[in-house]
Every structure is written in C-alpha cells, then in structure tokens.
There are 4 protein chains.
Amino acid sequence: MESKIKVGIVGGTGYTGVELLRLLAVHPQVDVHLITSRSEAGKRVADYFPNLRGHYSLSFSEPSLEDMLACDVIFFATPHGVAQSMMSDIIAGGGRAIDLSADFRIRDINTWEHWYGQKHACPELVEQAVYGLPELNREKIKEARLIACPGCYPTSIELALMPLLENQLVDPSRLIANSASGISGAGRQAKMDNLLAEAGDSFKAYAVNGHRHLPEIEQCLQDIQLAANIQSSASPAITFVPHLLPFARGIHSTVYANLVEGDATNLQALFEERYSAEPFVDVLPKGMFPQTRSVKSSNMCRIAVLQPQERGTVVIMSAIDNLTKGASGQGIQNMNIMFGLPEVMGLEAPALLP
Amino acid sequence: MESKIKVGIVGGTGYTGVELLRLLAVHPQVDVHLITSRSEAGKRVADYFPNLRGHYSLSFSEPSLEDMLACDVIFFATPHGVAQSMMSDIIAGGGRAIDLSADFRIRDINTWEHWYGQKHACPELVEQAVYGLPELNREKIKEARLIACPGCYPTSIELALMPLLENQLVDPSRLIANSASGISGAGRQAKMDNLLAEAGDSFKAYAVNGHRHLPEIEQCLQDIQLAANIQSSASPAITFVPHLLPFARGIHSTVYANLVEGDATNLQALFEERYSAEPFVDVLPKGMFPQTRSVKSSNMCRIAVLQPQERGTVVIMSAIDNLTKGASGQGIQNMNIMFGLPEVMGLEAPALLP
Amino acid sequence: MESKIKVGIVGGTGYTGVELLRLLAVHPQVDVHLITSRSEAGKRVADYFPNLRGHYSLSFSEPSLEDMLACDVIFFATPHGVAQSMMSDIIAGGGRAIDLSADFRIRDINTWEHWYGQKHACPELVEQAVYGLPELNREKIKEARLIACPGCYPTSIELALMPLLENQLVDPSRLIANSASGISGAGRQAKMDNLLAEAGDSFKAYAVNGHRHLPEIEQCLQDIQLAANIQSSASPAITFVPHLLPFARGIHSTVYANLVEGDATNLQALFEERYSAEPFVDVLPKGMFPQTRSVKSSNMCRIAVLQPQERGTVVIMSAIDNLTKGASGQGIQNMNIMFGLPEVMGLEAPALLP
Amino acid sequence: MESKIKVGIVGGTGYTGVELLRLLAVHPQVDVHLITSRSEAGKRVADYFPNLRGHYSLSFSEPSLEDMLACDVIFFATPHGVAQSMMSDIIAGGGRAIDLSADFRIRDINTWEHWYGQKHACPELVEQAVYGLPELNREKIKEARLIACPGCYPTSIELALMPLLENQLVDPSRLIANSASGISGAGRQAKMDNLLAEAGDSFKAYAVNGHRHLPEIEQCLQDIQLAANIQSSASPAITFVPHLLPFARGIHSTVYANLVEGDATNLQALFEERYSAEPFVDVLPKGMFPQTRSVKSSNMCRIAVLQPQERGTVVIMSAIDNLTKGASGQGIQNMNIMFGLPEVMGLEAPALLP
C-alpha cells in the first residue's frame with residue numbers, strides 16, 4: 001500500500017481544529033504530521049483536548065514554512081486573515097492547502113475587503129482557489145492546489161437551492177434563508193455573549209443587517225446558474241437571517257422561494273434525482289423533515305422540500321453539522337477528492353443519536 | 001377594598017394551568033377558587049406541582065357547572081374540544097370565560113372543523129367570542145363574556161405585522177413567518193417525540209405542510225386590515241413554518257414581508273409610535289434584536305424591525321414567552337381588562353435572566 | 001405609609017446584581033436609588049439587561065461614598081475584595097450593608113487570607129459582621145449593620161445539616177457534601193471554560209482539592225453546634241466536592257453523614273419540626289426529593305432526608321436557586337429582617353416551572 | 001480474510017439498540033444480520049432512526065429462534081425479563097449471547113427477584129454467565145457463551161474502586177457513590193418525567209432508597225476482593241445515590257471512601273499502574289478531573305483520584321458514556337474479546353467534542 005497522506009493543520013486550538021483531529025484520528029490514509037498553534041506551542045494536543053487523550057502524541061508547534069511544505073496538504077483552521085498571509089509561500093513551494101476560513105471564498109477582492117474590513121493579503125491566489133463544494137465543483141477540486149472550503153451557513157443554503165436554481169424553477173431575486181446555528185459556529189473564544197449562562201436556554205437572531213456569509217452565498221448561487229448555463233436569469237439576491245441555537249453543533253436552514261408560475265415540476269423527484277449520486281446529501285422522503293441531531297458528528301446534509309398548501313412558495317429545509325459538513329468534514333471530503341481516495345473515506349460513521 | 005375576583009381554572013394539570021397558578025398566586029385581586037382535573041381530582045395542587053408548595057391549599061376537583069358558576073371568571077387551560085363542550089351552560093348561567101384553547105378563535109366553523117378534525121360543539125357562541133389580543137381588541141374585551149385567547153405563535157406573528165398591515169406598507173399576499181417555540185408549547189403529555197433524549201440538543205421544523213395556527217393568523221391579519229378600514233387590499237396569506245427549540249419556554253418569530261415599492265416610511269418610528277402606549281409590547285431600539293430569554297416568565301413581547309441591506313424585504317422579529325404572553329399571561333391581561341383592573345396587575349415582574 | 005427603603009447596589013453588572021434588580025423591581029417597600037459599575041457608568045441599566053427594559057430608568061454610576069451614604073442600605077454584588085475596601089467608610093458614616101461576597105464571612109482573618117490569597121483590607125469589621133443565614137442568626141440579623149450573606153453552596157449544605165448537628169445525631173468529623181451548581185455561580189465573566197460550547201451538555205467536578213466555600217461551611221457548622229450549646233462534640237469536618245451543571249440556575253447538594261449508633265430518631269419528623277416556622281425552608285414529604293427546577297427563581301430551599309436501606313448513613317438532599325436563596329434573595333430576606341418588614345416581602349412569587 | 005461475525009440484535013428500538021447499530025455500522029469485522037422488534041417489525045431500521053439512513057438496508061423483524069441461531073452472536077438490547085425468556089434455547093442451540101440487560105448480572109436468584117420484582121425465568125444459566133467487565137474478567141470473557149454486560153452506573157463505580165479494594169486501602173463497609181446520569185439511561189419510553197419540559201434545565205436525585213444497580217455493584221466489589229484473594233476483609237457496602245442530568249449521554253460518579261489509617265500509598269501511581277494496559281480506562285494526570293463530554297460517544301472511562309486536604313477520605317471520579325462503555329460499547333468490547341479480535345476494534349473513534 002502507498003504511504004499515507006501527511007497532513008498539517010494550522011491553528012489547531014479551535015473547534016474546526018479539534019474536529020479535524022477527531023475525524024483524522026481514524027482516517028485510514030492520513031497521518032497527521034503537524035499541528036500549529038502560536039499560543040499553545042509545546043503543549044501536547046492530547047493534554048489540550050481531553051477527548052484526544054490516547055489518540056495523538058503530537059504537540060502543537062509554531063508554524064514554519066518548512067514544516068508546512070513537508071506535508072502533502074495543509075488545512076487552515078484559523079480565523080480569516082491567517083491563511084492569506086501564508087498562502088503565497090505554500091503554493092509557491094509546491095504545497096497544497098484546504099482553507100476552512102473565508103480568505104479565498106470570494107472572488108471579488110473589493111467585496112471581500114468590504115465585508116471583512118481589512119485589506120486582502122493575497123489577492124493573486126483568489127482566482128485560482130476552488131470553492132470546495134463537491135456537489136458543484138467536484139471536477140475542479142480534483143485538480144485544485146488551493147481549496148476555499150465553503151462556510152457553514154452557505155453549505156446548508158446552497159445545497160437547498162441548487163436543484164431549483166439549476167432548473168430555473170424559482171425567482172432568484174427574492175430568496176429568503178432563515179438559518180439557525182449551534183454556538184460552536186461562533187468559534188472557541190472567551191466572549192461574554194457565548195457563555196452558557198448567556199446563550200443557553202435562549203434563541204435570537206443576530207447579524208440581521210448583514211452577515212459575512214451573505215456575499216459568499218450570493219456568489220455561489222450565481223455560480224450554480226453559470227454552471228447550468230443559465231444566462232438570462234436575474235442575479236440571485238437573498239435575505240439571510242442567522243439565529244443562534246442553545247447547543248454546540250448543528251445548522252438548520254429553512255429556505256423560502258417563490259415558484260415560477262404555472263410550473264408543475266415534481267420537486268421531491270427533482271431533488272431525489274439531483275442528489276442520487278451524492279454520498280453526503282440525503283433527500284428525505286416526503287413528509288419527513290431534517291433535524292440537526294440526525295446529522296450530528298457526521299458529514300451528511302439532510303434535505304426536505306415541499307410546497308405548503310400548494311401555494312406559490314416552496315420551502316426547503318436542510319440540516320448539517322456545522323463543524324463537519326459545514327467545515328472540517330467537508331474539508332476532508334475535498335482532500336479525499338484531491339488525492340484520489342474514495343470520497344467517503346474516514347467520513348462513514350453514522351451521526352451520533354441520541 | 002372590594003372583594004377579590006373568584007377565579008376558576010378548568011384543566012389545571014398542563015403547562016398553561018401551572019402558569020396561571022404561578023401568576024395568580026401573587027395577583028393582589030384574585031382568589032383562585034377552583035381548579036379542576038378529572039384525572040387528578042382529590043390531589044392537592046401543591047403536591048402535583050412542586051413549585052406551588054406553600055402557595056395553594058386547594059385540591060383538584062371534578063368540574064361541575066355549579067362550582068364554575070360560583071366563580072367570577074373561568075379560565076380554560078384545556079386541549080381544544082373541552083371548552084366548547086361546557087361553554088353554553090357557563091354563558092347561559094351568567095358566567096364569564098377566558099378560553100386559552102383554540103375552541104373559539106376561528107369564526108368560520110367550517111374552517112375550524114377542517115383544521116381541528118372534529119365537529120364544533122358550540123358554534124352559536126363563536127360569533128360573540130372576542131379574540132383576546134388587547135393590542136387589537138381592547139375595547140371589545142372590556143365588554144366580553146367569552147374571550148378566545150390567541151394562540152402562542154399567532155400572538156408573536158400578529159404583533160409583528162400589525163403596524164405594517166395597518167399602514168398598507170407590505171404586500172399582504174406573500175408573507176412569511178418563520179417561528180420557533182420551546183417545547184412546552186407541545187403540551188404536558190407523555191409523547192416519545194418530546195422526550196429530553198429526543199428533542200434536546202436538536203432543532204427541526206414541523207407541521208410545515210399546515211399548522212393549526214395558520215387559519216387563526218390569517219383571520220387576525222384580516223381583522224387588522226378591517227379595523228384599519230383597509231378594504232381594497234388583497235387578503236393576507238402567510239407561509240408559516242414552526243420549528244422546535246430544545247428548551248421549555250419561549251417563542252421567536254422572524255417575519256418577512258415585501259415592502260410596497262417606493263415607500264419611505266421610517267419603520268422604526270412607526271413601530272415605536274404604534275406600541276408606545278402598549279404595556280406589553282416593547283419595540284427595541286435600532287440594532288437590538290429580541291431574544292427569548294429577555295421575556296422568559298414575563299408577559300412582554302419584544303419586537304425589532306429592520307430592512308436588511310435596504311433591499312425590498314422587511315424583517316420583523318418578535319419574542320414572547322409562549323406560556324405567558326402566548327397563553328396564561330395574556331389570559332390574565334384580558335381578565336384585568338374585563339374587570340376594570342389595571343391592565344398590568346399581577347404581570348409586572350421582570351423576566352427571569354439568566 | 002412610611003417612605004420606602006432607599007437601596008443602593010454596588011456592582012450591578014453581574015448575575016447577583018441583575019437578580020437583585022429583578023427581585024427589587026417588584027418589592028413594594030423598596031426604591032432602588034443607586035446602581036454602581038465602574039465599567040458601565042453612564043449606561044442605562046435597562047439597556048444593559050434586556051429583561052429590565054421598562055422597569056428601571058436608573059443608569060449605572062461610579063461608586064461614591066456620598067451616594068452610598070444617601071441610601072438606607074447598600075448591597076454589595078461584587079467579587080471578593082471590593083466590599084472590604086469600602087466598608088469602613090460606610091459603617092463609619094452610619095450606613096448599613098449587605099455583602100453578597102465572601103469578604104466578611106470568615107471570622108479568622110488568617111483563614112480568609114489563606115483561601116482568598118490576599119490581605120484582608122478591613123479585618124476590624126469582620127467580628128461585627130453577622131452571617132446572614134436567617135435560620136440560624138435571625139435575632140442577630142435584626143440588629144446588624146453589616147451582613148455577610150452566606151455563599152450559595154454553604155446555604156444548601158448548612159440547612160441540610162443543621163437539624164442533625166443541633167441534635168448530635170451524626171458524627172461531625174466525617175461529613176460529605178456532594179454539590180452541583182448551575183454555571184451562573186461562576187459569575188458573569190468571559191472565560192473559555194464557561195462557554196456554552198464548553199460547559200453545555202456536560203458534567204464534571206471541579207475544585208476538588210479545596211473550594212473556598214469549605215472553611216465557610218465548617219465555620220457555620222461549628223456555629224450551629226455552639227448555638228445549640230454542644231461543647232463536647234468533635235469539630236465539624238466535611239469533604240466538599242462541587243460539580244458543574246450545564247444550565248444557569250440551581251444548586252443541589254447531596255449530603256452524607258454517619259448516624260450515631262443506636263439512635264432511633266424519626267428524621268423526617270425532626271426536619272419537619274425544625275423548619276416548620278421557616279418561610280423559606282420546605283421539608284418535602286417522605287419519598288419526594290428536591291429538584292432544582294422546583295425552586296428556580298424563588299427564595300425557597302427544599303429539603304429531603306432519608307436513611308437508605310436502614311443502614312447507618314443518612315442522606316440529606318437540598319435544592320436552592322443559587323442566585324436567589326443562594327445570594328440575592330437571601331440578601332433581601334436579610335434586609336426585610338433588618339428593617340422590620342415581613343420577612344417574605346418581595347420574595348413570595350412561586351418558582352418558575354417549567 | 002475470514003468471514004465477518006454475523007451479529008443479531010434483539011430489541012433494536014431503544015437507545016442501546018441504536019448505539020449498537022451506530023458502532024457496528026463501521027466495525028470492520030461485523031455484519032449486522034438481524035434486528036428484531038415486535039412493535040416495529042417490517043419497518044426499515046434506517047426509516048426508524050434517521051441517523052442510520054444510508055447505513056442499513058435491514059428491517060426490523062419478529063424475533064425467531066432460527067434467525068437468532070443463524071447469527072454468531074446475539075446482543076440483547078432489551079428491558080430486563082426478555083433475555084432470560086429466550087436464553088435457554090439460544091445457549092442450548094449453540095448460540096452465544098451478550099446481554100446488555102440486568103437478567104444475568106446477579107448470581108443470587110433471590111436477590112435478583114427481590115430487586116426486579118419478578119420470578120427469574122432462567123436461573124439455571126445465571127451461574128455460567130460471565131460478568132462482562134473486561135478489566136476484571138477478561139480471561140473468563142474469552143471462553144464465555146453468555147455475557148452479562150455490566151450496568152452503566154456499576155461500570156463507572158466498579159472501575160473507580162477496583163484498585164483501592166484490590167489493595168485493601170479503604171474501609172469497604174462505608175463506601176459512598178454519588179452518581180449522575182444523562183437521561184438516555186432512563187430508556188426510550190414515553191414517560192412524563194422524561195420530557196424535555198420536565199427533566200430539562202433541572203437536576204435531582206432519584207431512587208435514593210434503593211436503585212437496582214446497588215446489589216450488582218456490591219456483588220462486583222466482592223468479586224474484586226475475591227479475585228485479589230482478600231478473604232478477611234469486611235463485605236463491601238455502599239451508599240449509592242443516582243441523580244438525573246439534563247442531557248442525553250454521560251455518567252459521572254464521585255466515589256468516597258475512608259482510607260485505612262496510616263497508609264501512605266501513592267494513589268495516583270497506583271491507579272496509573274493498575275490501568276496502564278487497559279485500552280479503555282484512562283487515569284488522568286494529577287489535577288485534571290473527568291468530564292462527561294470528554295468521553296461522549298466513546299468507549300473510554302476517564303478516572304481521577306485524590307485525597308482532598310490530605311484528610312482521610314479518598315475521592316475518585318469517573319466518567320463514561322452510559323450508552324457506550326456503560327452499555328453497547330462495552331458489549332462490543334466483550335464481543336471482540338470473545339471472538340479473538342483486537343479488543344479496540346470498531347471502538348477507536350475519539351469522543352465527540354464539543
């Protein structure tokens with residue numbers, strides 16, 4: 001058997017970091033070689049994350065280009081701004097990278113700089129980054145050297161709308177995505193708002209006036225149209241309202257769209273067919289709706305579609321684990337595709353229930 | 001001082017029952033006289049609900065007309081179907097009633113029978129029942145003998161849309177209400193789906209194809225138009241998707257509507273003005289969004305309105321405690337109005353936080 | 001009617017602060033006059049705590065001696081170290097204070113300094129401070145100028161052991177208290193460990209090697225012996241292990257003690273008699289055990305006692321709301337006693353359930 | 001490669017059933033052949049448990065002896081009483097069984113019948129059943145045809161006390177186990193007490209007067225003494241108080257014992273040495289305490305031991321996932337041992353965190 005893929009992880013102390021480590025610990029073709037953290041350098045990973053005791057002997061280290069280039073692929077599990085500061089050297093040095101952050105997701109540099117409030121440090125690589133949504137870009141991912149892994153909310157919303165946009169069944173200019181995320185999506189940072197005594201036992205909307213995932217979603221919806229050779233249609237515009245759920249893991253999106261008048265497409269059949277070959281999209285049978293607990297810890301996206309009261313509004317619901325299909329699991333799915341491995345390798349365990 | 005109001009409660013073993021008892025225990029002008037439960041007759045209320053130990057010496061009793069007519073007002077905290085079976089006798093006997101169930105909310109008997117799947121036992125009283133939303137019907141409530149207390153979801157949605165519909169600012173035919181409720185809304189029944197190990201730590205939509213609150217909401221939205229003398233407008237139609245939150249108390253609705261083109265109304269000012277005299281509607285300042293924990297245990301509805309990205313969609317968010325403003329608290333608010341008491345009496349305690 | 005008590009609160013931004021404000025908002029004989037916070041000075045209290053909107057027009061202010069002395073009583077809702085730095089001036093100026101922190105709870109200055117790791121700034125007032133456990137010290141509280149309000153864990157444990165120690169029914173040298181607290185007990189501070197994604201959905205012991213409440217508990221257990229004129233007995237020694245519960249409010253203590261051999265006291269009757277006149281201690285009937293939700297938001301302590309398997313170990317369980325009977329509610333109970341008001345005034349609302 | 005183990009599961013609709021299915025879905029040497037359920041016979045397993053969609057094509061079937069004997073091993077994931085009614089035929093037919101219920105755990109039939117309130121249907125096989133705690137009985141498990149898999153609480157308590165009893169370091173007659181379990185331990189049954197709105201956000205003790213796991217624990221503690229050739233010591237007696245945690249998964253036990261006077265054993269070293277070769281017992285380094293989330297979904301038991309304040313009481317804390325090491329995972333560990341597979345096979349995934 002060939003040698004395993006040497007994986008490096010930059011920024012291993014956050015939730016996407018520990019999720020990568022959890023999943024890669026049992027990936028049969030991966031050897032985690034490097035985990036960096038400036039703040040925890042020298043500390044054993046297994047002493048930092050108690051669930052990893054017995055699984056890793058590695059310690060966090062300071063990031064160095066040499067160490068990174070000794071890996072076959074580098075995952076960035078960092079806040080935005082970090083990957084872009086290191087990426088030129090990695091790519092120039094022949095490395096490959098899967099960035100879980102937002103650094104390379106948006107092709108229009110001005111848009112990125114507007115929403116993220118800082119100058120982009122590596123605009124020259126944005127164009128060649130592949131948006132790592134396998135259900136849209138599988139072929140490009142195979143050849144990619146730099147993957148911009150989709151955001152958690154965008155993944156759930158884009159998969160919900162893809163079959164409808166590809167078939168021009170809805171008005172793309174009046175879309176609504178009402179999403180709710182577990183609090184791990186807010187990252188592993190000591191913020192008052194994210195305390196158990198603040199966010200527990202409660203529910204609220206946030207960032208209603210504009211969440212950073214909005215331009216990413218709209219760009220991808222347009223890419224879906226382009227990939228389907230839809231030219232005349234209006235540009236996708238979506239009202240996106242994220243909410244905060246009082247638990248750690250899970251995203252649920254309820255997406256609303258106005259059906260094109262007179263259309264009689266069987267939406268259930270359309271969705272089932274569109275995703276029949278997709279290993280990580282599960283279209284639920286009629287009458288069943290997704291719940292976040294049915295995907296917890298797994299890379300699966302479960303989707304339901306229906307047209308309530310036979311009125312003109314279609315409702316699509318999708319559920320993913322924001323840390324898995326919404327981040328680290330999708331990153332590994334991309335890695336599997338890039339390295340010619342079975343796409344589901346290391347991602348086959350069922351969701352944890354209850 | 002005059003004598004206190006003698007209150008009777010039919011069906012005291014559910015969550016709206018215990019909420020009535022909690023609130024009425026400290027209402028200065030109420031004497032709870034009667035609490036009925038067929039299944040628990042003879043058992044002391046304080047032995048049944050441990051939070052009420054020391055507050056009530058009363059026991060549950062079998063419901064009897066005589067006992068009910070000895071009360072100044074009867075609350076029905078029963079599943080639908082019960083209040084309608086007793087109401088003729090109560091009203092004929094000169095009693096007054098506040099029904100927290102759905103029995104008298106919908107004026108069209110056919111609609112009621114369609115959605116609730118049973119024959120209505122008391123259609124003759126439906127017409128004279130007053131829909132107990134004080135923000136819409138305060139004057140009628142003063143004279144009412146029979147109050148149909150609004151449902152929990154409807155309360156949160158109707159208050160969110162009222163100022164917009166009254167001023168014809170949105171297209172009433174394409175409304176969307178994305179709501180989420182704590183599980184106490186499902187009632188106090190031993191159902192598998194409502195177990196902690198099933199519903200905890202998860203989120204899902206349910207009843208997407210049609211929830212019983214849908215016709216109630218649409219009727220009230222039309223009543224709002226009528227009360228504002230809006231005749232030409234289209235009938236309100238709403239897509240309503242309820243979701244289940246993994247905790248006991250709280251409803252949050254995120255409501256979407258298409259703004260009439262060209263309008264430049266200051267929505268924040270409109271909402272603030274509309275509700276300035278309302279004791280239980282709190283329009284939040286710009287940039288602040290409601291969270292369910294800010295209303296837990298209180299009768300308050302907190303609302304925010306905004307127009308994200310200055311696009312054509314207005315988003316209104318509202319939060320209530322489903323057992324308080326969404327049921328028992330609103331019932332007591334109605335009682336206060338009916339009996340000429342200060343509307344806020346017994347409902348003044350701030351929400352519990354954290 | 002006489003004028004209301006002017007209350008000042010130092011340190012109003014934490015959980016005991018907001019709990020004082022919640023309770024005092026509906027206390028009929030209190031006027032909250034002053035709420036200090038250095039960090040939030042100038043901000044309206046109701047803008048800081050969304051549950052208080054509509055209840056307070058006051059803003060946070062910088063603490064000043066003059067303002068404090070203009071109050072009839074000052075509550076300290078501060079971390080330890082703050083009250084002791086201001087107390088001399090307040091007492092010298094004729095003020096009265098109820099300190100919810102640990103500053104004046106422990107009479108032995110060395111012990112205090114050892115456990116709290118700092119020099120005590122006001123040792124001269126420690127002796128005259130009254131430990132504000134009404135069930136033990138009601139008479140002293142009436143005359144007190146400075147109340148050291150008991151800790152949350154200590155309250156739950158001391159009430160559990162009081163009847164047994166007073167009657168010399170257990171070996172005081174081998175006591176065990178296994179306690180569990182909601183996370184609001186950890187205070188309102190942005191710490192990683194207290195994030196919802198860290199502390200939610202989990203359970204653990206902490207501070208097993210020595211929690212600061214240990215010396216306070218042992219001192220009070222000795223005071224209980226002294227008050228009962230028990231001189232010959234061994235000094236109380238307790239193994240105290242606190243645990244962290246994944247929700248905001250509630251403490252549950254399970255206390256174990258070895259019964260003196262040959263004793264045949266009816267423990268249930270003993271506890272019922274001991275607490276029959278206590279408004280905030282509820283001895284549950286045989287076979288019923290306390291649960292934290294039955295005291296949430298209330299000042300009640302519910303207790304059960306039993307001797308499993310008729311072996312020699314007695315088990316006492318107690319439940320309180322750590323923010324109410326374990327802090328702010330007990331503080332108000334002390335205030336009521338100090339000012340000659342009915343002890344239960346403002347504390348009569350039943351617990352919130354569900 | 002040899003053919004896989006054909007596994008049958010009797011009673012697949014409960015939480016231990018779905019946990020077996022989750023774990024066995026990725027066990028490389030297992031083929032799940034049979035899943036029985038009288039109530040759900042004919043229904044596809046993957047339609048019943050949404051997390052298993054895509055993992056099983058099997059349907060529930062009525063249990064039949066023929067089908068069971070076609071399996072290499074049968075797991076019983078049933079309430080007590082079921083396994084004993086089928087076991088004679090299975091063993092007589094040459095089958096092997098791993099019973100997750102309590103049917104064969106207690107050797108004294110009278111004791112079993114007393115605590116479980118029914119006649120034992122298969123007393124003749126009790127003697128030959130092996131108590132499936134690998135850390136105590138690994139050699140016997142290799143040869144066993146019938147495994148009585150330990151209870152969840154017992155596993156956590158027995159592993160906590162084993163090193164101390166084996167070395168006679170504590171008084172076995174005054175042990176205390178204060179345990180807390182997630183609500184999945186109560187089974188998957190529609191009971192009012194287990195509703196989210198009843199058990200959520202709360203904590204309580206239950207079954208304080210005697211939980212069915214008590215005789216099992218005491219029997220095993222005695223077996224530990226016997227296995228260590230300790231004859232003179234007193235019989236183990238334990239006060240066991242279980243508590244209910246407001247989430248689905250996890251058991252935490254805090255165990256207290258009186259150290260033999262004068263002993264100076266290094267407890268930390270003792271525990272580390274005792275469990276150094278055990279794949280599923282992790283003795284935490286000094287100062288670190290177990291938390292349930294560090295073992296969620298995994299078969300690991302994490303343990304800490306210390307002697308607070310250097311007094312005479314030792315405190316041992318242990319955490320397991322009640323459905324994994326406390327039930328189904330331990331069952332699979334037993335199966336691996338019985339079939340000569342690597343003991344950790346299929347159980348190597350790290351715990352899910354957060």
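Figure 1. In α8(C), C152(C), T155(C) and S156(C) meet K325(C), G326(C), A327(C) and Q330(C) of α12(C). Here, contact is a matter of C-beta atoms, placed from the backbone, lying within 7 Å. Helices (H or I, at least four residues) and strands (E, at least two) are DSSP runs, numbered from the N terminus. The model is predicted: local features need pLDDT of at least 70, side-chain atom pairs count only at pLDDT 80 or more, and totals for chains, interfaces and linings use all residues. Residues are numbered from 1 along each chain as its sequence is written, while chains are lettered from A and ligands numbered from 1 in the order in which they are written. Helix α8(C) covers residues 152–166, and its axis lies 8 Å from that of α12(C), at an angle of about 100°. That makes α8(C) roughly perpendicular to α12(C). Axes are lines fitted to C-alpha atoms, for helices over the stretch in contact, and angles run from 0 to 180 degrees between N-to-C directions. Angles under 35 degrees count as roughly parallel, over 145 as roughly antiparallel, 65 to 115 as roughly perpendicular and the rest as oblique.

**Figure 2. Helix α1 of chain C crosses α12(C) at roughly 45°**. The helices span residues 15–24 and 324–338, and their axes come within 9 Å. That makes α1(C) oblique to α12(C). From α1(C), the contact uses T16(C), E19(C), L20(C) and L23(C). From α12(C), it uses T324(C), A327(C), S328(C), G329(C), G331(C) and I332(C). The crossing of α1(C) past α12(C) is right-handed. A crossing is left-handed if the near helix is turned anticlockwise from the far one by less than a right angle, and right-handed if clockwise.

**Figure 3. Strand β13 of chain C is buried on both faces**. In a regular strand the side chains alternate between the two faces of the sheet. On one side sit T313(C), V315(C), M317(C) and A319(C). On the other sit V314(C), I316(C), S318(C) and I320(C). Eight of the eight residues of β13(C) are buried, so this strand is largely enclosed by the rest of the structure. A residue is buried if 20 or more other C-beta atoms lie within 10 Å of its own, exposed if 12 or fewer, and partly exposed in between; C-beta atoms are placed from the backbone.

**Figure 4. Strand β10 of chain C pairs with β7(C)** **and with β13(C)**. Strands pair if DSSP finds at least two bridges between them. Antiparallel pairing joins β7(C), residues 175–181, to β10(C) over six bridges. There, I176(C) has Y256(C) as its bridge partner. Strands β10(C) and β13(C) are also antiparallel, with eight bridges. I251(C) faces I320(C) across this pair, and N258(C) stands opposite T313(C). Seven of the eight residues of β10(C) are buried.

**Figure 5. A hairpin links β12 and β13 of chain C**. Strand β12(C), residues 301–306, runs antiparallel to β13(C) over five bridges. I303(C) stands opposite S318(C). Six residues lie between the strands, and Q309(C) takes a positive phi near 60°.

**Figure 6. Seven strands form an open sheet in chain A**. Their order is β8-β9-β7-β10-β13-β12-β11, with mixed pairing. The edge strands are β8 (204–205) and β11 (281–283), each pairing on one side only. Strands β10(A) and β13(A) run antiparallel and are joined by eight bridges. S253(A) stands opposite S318(A) in that pair. Helix α8(A) packs on the sheet, and its direction makes about 35° with that of β10(A). Helix α11(A), residues 267–274, touches β11, β12 and β13 of chain A, and its direction makes about 155° with that of β12(A).

**Figure 7. S235(C) sits in a loop**. The loop runs between α10 (213–227) and β9 (238–244) of chain C. S235(C) is exposed, with 10 other C-beta atoms within 10 Å. Not counting residues up to four places away in sequence, S235(C) touches P172(C) and Q222(C). From S235(C) to G200(C) is 35 residues in sequence and 38 Å in space, C-alpha to C-alpha.

**Figure 8. Chain D can be laid on chain B by a turn of 180°**. The shift along the axis is 0.0 Å and the RMSD 0.0 Å. That is the relation of a two-fold axis. The same surface serves both copies, since 100% of the contact residues of chain D recur in chain B. Copies are superposed by least squares on the C-alpha atoms of residues with pLDDT of at least 70 in both.

Key
Contact = placed C-beta atoms within 7 Å.
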